[in-house]
Amino acid sequence: MRRCLDKLQVTLHLFKEWTLQHILRDQNNEADALANLGSSVDDDEFSLGTVVQLMKSVVEEGHGKINLTSLTRDWRNKYIDYLKTGKLPSDPKESRALRTKAAEFSLSKDSTLFRRTFDVPLAVCLGPRDTKYVLREVHEGTCGNHSRTESLVRKIFRAGYYWIDMEKYAKEFIRKCDDCQRHTPMIHQPGELLDSVLFPWPFMKWRMYIVGPLP
């Protein structure tokens with residue numbers, strides 16, 4: 001970044017006037033992918049040779065070309081690598097588990113991962129950046145009814161989407177939903193533990209009054 005800033009400052013002196021234009025994130029996929037690279041890749045999955053591939057030097061050539069297909073890595077990449085090239089982990093246990101689990105997935109021609117199902121069409125496998133949007137749309141969108149965890153997961157699956165740990169993500173999302181927390185049914189249980197009261201003999205806490213005939 002320092003080299004890029006120095007190159008920019010030197011280049012600006014060659015122009016008499018210049019302007020800065022703000023580009024929205026959804027219109028600048030390359031910069032958006034690079035900005036989210038550090039937060040979307042785990043340390044154990046980070047690989048400089050496969051995660052980011054710069055075709056040309058931005059500083060020296062004046063422009064850069066980025067391979068967007070390998071910018072971000074998430075849970076889908078190990079299945080994509082196995083279905084496309086047969087790549088397996090070095091650990092025998094992980095390799096055997098990956099081969100067994102990969103039978104539930106299929107890969108399209110454009111390297112899109114799908115989850116095979118029995119009663120619904122193929123479900124598109126989503127990454128971490130798309131799960132919150134799908135959860136919000138299904139849970140509280142136009143046809144949403146603020147359903148609970150099990151119902152929400154089934155609705156997402158029927159809608160044609162899948163990602164790993166769907167139950168965990170749905171449970172955490174519902175716990176942070178303001179409407180669900182405000183209008184959820186109240187559970188009639190005490191706010192603290194009950195203390196049992198023991199009576200050494202009968203009527204210790206009771207009193208009996210004997211009165212005469214009432215008028």
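**Note on the predicted model**

Trp18 lies in the loop between helix H1 (2-12) and helix H2 (29-35); helices (H or I, at least four residues) and strands (E, at least two) are DSSP runs, numbered from the N terminus. This is a predicted model, in which local features need pLDDT of at least 70 and side-chain atom pairs count only at pLDDT 80 or more, while totals for chains, interfaces and linings use all residues. Residues are numbered from 1 along each chain as its sequence is written, and side-chain values use heavy atoms, with hydrogens and water left out.

1. The nonpolar surface patch. Trp18 counts as partly exposed, because its relative accessibility is 45%; buried means under 20% relative accessible area, exposed over 50%, and partly exposed in between (1.4 Å probe, protein chains only). Together with Leu14, Phe15 and Leu20, Trp18 makes a nonpolar surface patch of about 540 Å². Patches are made of residues with over 30% relative accessible area and no salt bridge; like charges are joined within 9 Å, and nonpolar side chains (Val, Leu, Ile, Met, Phe, Trp, Tyr) within 5 Å. Accessible areas come from the Shrake-Rupley method with a 1.4 Å probe, and for residues only the protein chains shown count as cover.

2. The positive patch. On the surface, Lys132, Lys171, Arg175 and Lys176 gather in a patch of positive charge. Lys and Arg count as positive and Asp and Glu as negative, whereas His and the chain ends are not counted; the place of a charge is taken as NZ of Lys, CZ of Arg, CG of Asp or CD of Glu. Lys176 is found in the loop between helix H9 (166-175) and helix H10 (178-183), and its relative accessible area of 72% makes it exposed.

3. The nonpolar core. Which residues have the most contacts inside the largest nonpolar core? They are Trp75, Ile156 and Trp163, in a core of 24 residues. Such a core is a set of buried Ala, Val, Leu, Ile, Met, Phe, Trp, Tyr and Cys residues joined through side-chain atoms within 4.5 Å. Two or more residues each are given to this core by helix H5 (76-85), helix H6 (92-102), strand S3 (123-125), helix H7 (128-140), helix H8 (149-159) and H9. H9 provides the largest share, four residues.

4. Leu113 has its place in strand S2 (residues 113-115) and counts as buried, at 3% relative accessibility. Its C-alpha atom is separated by 8.5 Å from that of Leu126, 13 residues apart along the chain. Between the C-alpha atoms of Arg76 and Leu113, 37 residues apart along the chain, the separation is 7.2 Å.

5. Salt bridges. Four salt bridges are found in a search of the whole structure; each is a side-chain nitrogen of Lys or Arg within 4 Å of a carboxyl oxygen of Asp or Glu. One of them joins Asp74 and Arg76, with the closest N and O atoms 2.9 Å apart.

6. Through shared partners, Lys101, Glu104 and Arg115 are joined into one network.
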